[in-house]
Amino acid sequence: LIPDENLPFDPQRKLEEVANYVHYIPPSWTRVAHTTQARDYFTRLLQFKMVWYLEELVSPVVTPLLLIFSLRFKAMDIVEFYQKFTVTVPGVGDVCSFALMDVRKHGNPMWKSDEFTEAQHSEQAENGKTEKSLIAFKAKHPRWKAPKASENFFTSIQP
């Protein structure tokens with residue numbers, strides 16, 4: 001527990017040791033572990049336990065107040081969203097329909113899915129999020145068999 005006084009201070013090595021536990025180092029941190037920007041970002045990312053405990057103690061009091069005073073006016077919109085976009089998936093249960101990454105149901109015509117989508121403007125995911133998620137998922141899981149509309153979308157964007 002007591003570090004050796006004769007060892008040189010090497011923040012990059014220490015950061016790599018931390019990465020062994022958290023399994024993540026932002027690419028921008030390579031060779032800049034000694035800078036104040038890296039230290040500040042690191043302290044925001046991994047808070048002290050005391051701050052975490054304080055947030056855990058305060059949140060049960062603050063959250064209901066936030067819901068009562070701030071979100072009260074949006075309650076009907078939230079309920080309407082749940083009613084409109086909740087679907088039942090056999091074997092899984094109720095899920096948000098956006099999570100199914102269905103280009104036909106939530107595609108955005110600006111992202112080359114105009115011939116595959118039946119979505120009204122209010123049902124489209126913003127900024128092509130459905131298409132981006134679908135592409136990222138397919139890249140991560142190449143053997144995944146996509147639904148017909150999604151497969152047609154992949155065919156249309158391949159060179």
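Helices are DSSP runs of H or I with at least four residues, numbered from the N terminus. In this predicted model, helix H4 spans residues 75-85 and holds both Phe 81 and Phe 85, which sit four residues apart, about one turn of the helix.

The structure contains six aromatic pairs. In one of them, the ring centres of Phe 81 and Phe 85 are 4.9 Å apart and the planes meet at 50°, so the pair is classed as tilted. The two partners fall into separate accessibility classes: Phe 81 is partly exposed, at 37% relative accessibility, whereas Phe 85 is buried, at 6%. Another of the aromatic pairs joins Phe 137 to Trp 144 in an edge-to-face arrangement, with 5.0 Å from centre to centre and 85° between the planes. Here Phe 137 is partly exposed, with a relative accessibility of 31%, and Trp 144 is partly exposed too, with a relative accessible area of 25%.

Attention now turns to charged side chains. The model has two salt bridges. One connects Arg 13 with Glu 17, and the closest N and O atoms of this bridge are 2.6 Å apart. Asp 40 has a relative accessible area of 33% and so counts as partly exposed.

A backbone detail worth a look is found at Met 101. This residue is not a glycine, yet its phi is positive, near 50°. Met 101 is located in the loop that runs between strand E2 (93-96) and helix H5 (103-106). With a relative accessible area of 15%, Met 101 is buried, since that class covers values under 20%.

Met 101 is also one of the residues touched by Thr 130. Thr 130 belongs to helix H6 (residues 129-140) and is buried, at 4% relative accessibility. Leaving aside residues up to four places away in sequence, the contacts of Thr 130 are Met 101, Asp 102, Val 103, His 106 and Ala 125.

Key. Residues are numbered from 1 along each chain as its sequence is written. This is a predicted model: local features need pLDDT of at least 70, side-chain atom pairs count only at pLDDT 80 or more; totals for chains, interfaces and linings use all residues. Side-chain values use heavy atoms; hydrogens and water are left out. A salt bridge is a side-chain nitrogen of Lys or Arg within 4 Å of a carboxyl oxygen of Asp or Glu. Buried means under 20% relative accessible area, exposed over 50%, partly exposed in between (1.4 Å probe, protein chains only). Helices (H or I, at least four residues) and strands (E, at least two) are DSSP runs, numbered from the N terminus. Contact means heavy atoms within 4.5 Å. Rings of Phe, Tyr and Trp (its six-membered ring) pair if their centres lie within 6.5 Å; planes under 30 degrees apart count as stacked, over 60 as edge-to-face and the rest as tilted.
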